[in-house]
Amino acid sequence: SSGHKKNEVENLLGTCVLNNWKFVHKPFQPEYPGNREWNKGAPQFRFIPERGKHPTWDLVFEHCGKGLQSALSNNKWAKDNGIVNGLLYLQAWCASCFQSPGDPLPYIFFTGGQNAGKSIFHEILSILLIGGYVRSDNALTNPSGFNGELANAILCVVEETNLSKRGWATDRIKDWVTGRTINIHTKGKTPYDIPNTTHWIQCANSMDYCPVFPGDTRIVFIKVNTPTEDIPKSILMESCEKEAAAFLYTLLNFELPVVQGRLRIPVVETQEKMDQMEFNRN
């Protein structure tokens with residue numbers, strides 16, 4: 001197609017093989033970082049961070065994180081680092097996801113009744129991203145282990161899927177939450193390993209849908225109550241989009257606590273989680 005003669009093609013192909021490009025997965029970095037690396041399909045920020053206020057984001061985070069208040073008040077790590085409420089804990093979780101995407105974070109499980117506002121947490125986070133936000137129900141439940149959708153994922157969402165009855169889902173959560181690499185298996189292709197940048201959020205009406213068992217050290221279990229005032233979703237999303245650049249600035253400038261364990265932000269044990277672990281005891 002470039003006008004080369006047929007007998008020149010083999011030499012050109014050989015040159016390309018010796019001077020190859022390497023596919024990499026580096027979220028929020030340029031498509032061509034240098035050293036003949038191709039950061040193809042990596043997640044990017046949709047907005048340019050800009051200092052400002054974000055009351056709608058704070059309202060959502062405060063509502064979704066309210067169920068952590070009691071657990072945080074008795075947590076030494078939270079006291080030492082000024083994480084005094086659920087809003088700040090969830091901000092720290094998101095800030096770590098964006099500032100250090102290769103660091104593992106707790107698996108967040110939101111549970112509550114209909115119209116409690118659980119799903120809005122990850123839906124507004126999707127506003128900040130170009131790529132990297134994926135529905136991952138199938139990756140956890142597929143008995144064949146196909147998980148190609150996780151190849152460039154940074155925010156993995158599970159909605160109203162019962163994982164507790166699928167043993168392999170529990171094993172995959174254990175591996176993918178804390179593993180430094182993740183094995184990508186696209187149907188019909190050879191599996192390969194990439195750096196693990198997945199961070200997980202599950203939402204369900206029933207608290208039985210999350211596979212939390214005695215001794216768990218990966219899952220944060222948060223009960224979300226129905227709000228006293230129902231804000232139309234379209235208005236809420238529009239307000240969050242207007243404030244998105246300001247909230248992104250807050251996350252990227254959030255001072256992350258010093259790492260104390262295998263997770264960048266430690267798990268907080270709520271009473272609901274302890275009750276569910278006891279209920280699931282064999």
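Hi everyone, let's start with a pair of helices: α2 and α9 pack at an angle of about 120°, with their axes 8 Å apart. That angle makes α2 oblique to α9. Before I go on, this is a predicted model, so local features need pLDDT of at least 70 and side-chain atom pairs count only at pLDDT 80 or more, while totals for chains, interfaces and linings use all residues. Residues are numbered from 1 along each chain as its sequence is written, and side-chain values use heavy atoms, with hydrogens and water left out.

A few words on terms. Helices (H or I, at least four residues) and strands (E, at least two) are DSSP runs, numbered from the N terminus. Axes are lines fitted to C-alpha atoms, for helices over the stretch in contact, and angles run from 0 to 180 degrees between N-to-C directions. Angles under 35 degrees count as roughly parallel, over 145 as roughly antiparallel, 65 to 115 as roughly perpendicular, and the rest as oblique.

So who touches whom here? On the α2 side, T56, W57 and V60 meet L236, S239 and C240 of α9, where contact means heavy atoms within 4.5 Å.

Staying with α2, look at L59, which sits in this helix, residues 55–65. L59 is partly exposed, with a relative accessible area of 43%; buried means under 20%, exposed over 50%, and partly exposed in between, with a 1.4 Å probe and protein chains only. Together with I231 and I235, L59 forms a nonpolar surface patch with about 230 Å² of accessible area. Patches are made of residues with over 30% relative accessible area and no salt bridge, joining like charges within 9 Å and nonpolar side chains (Val, Leu, Ile, Met, Phe, Trp, Tyr) within 5 Å. The areas come from the Shrake-Rupley method with a 1.4 Å probe, and for residues only the protein chains shown count as cover.

Helix α5, residues 86–99, packs with helix α10, residues 244–252, at about 85°, their axes 8 Å apart. That makes α5 roughly perpendicular to α10. The contact uses Q91, C94, A95, F98 and Q99 from α5, and F247, L248, T250, L251 and L252 from α10.

Which residues of α10 are buried? They are A244, A245, A246, F247, L248 and L251. Their cover includes β3, α2, α5 and α9, and that list brings back our opening pair, α2 and α9.

On to charges. How many salt bridges are there? The count comes to 10, taking a salt bridge as a side-chain nitrogen of Lys or Arg within 4 Å of a carboxyl oxygen of Asp or Glu.

One of them joins E241 and R46, with the closest N and O atoms 2.8 Å apart. E241 lies in helix α9 (residues 233–242) and R46 in the loop between β3 (44–45) and α2, so this pair ties together parts that are 195 residues apart in sequence. E241 is partly exposed at 33% relative accessibility, and R46 is partly exposed too, at 42%.

Another links E37 and K26, with the closest N and O atoms 2.9 Å apart. Here E37 is in strand β2 (residues 37–38) and K26 in the loop between β1 (22–23) and β2, so the parts tied together are 11 residues apart in sequence. Is E37 buried or exposed? E37 is buried, at 14% relative accessible area, whereas K26 is partly exposed at 26%.

Then there is D80 with K76, at 2.7 Å between the closest N and O atoms. These two are 4 residues apart in helix α4 (residues 76–80), about one helical turn, and both are exposed. For a network of salt bridges, see D103, R180 and R264.

Next, some backbone angles to look at. Most residues other than glycine have a negative phi. F28 has a positive phi of about 65° although it is not a glycine. F28 lies in the loop between β1 and β2 and counts as buried at 17% relative accessibility. E160 has a positive phi of about 50°, again without being a glycine. E160 is in the loop between β7 (155–159) and α8 (167–178), and is partly exposed at 37%.

Last, the whole chain. The secondary structure comes to 11 helices and 11 strands, and the C-alpha trace spans about 75 × 50 × 35 Å along its principal axes. Of the 282 residues, 45% are buried. Among contacts between residues at least 6 apart in sequence, 74% join residues at least 24 apart. The accessible surface is about 14,700 Å², with 51% belonging to carbon and sulfur atoms. Thanks, everyone!
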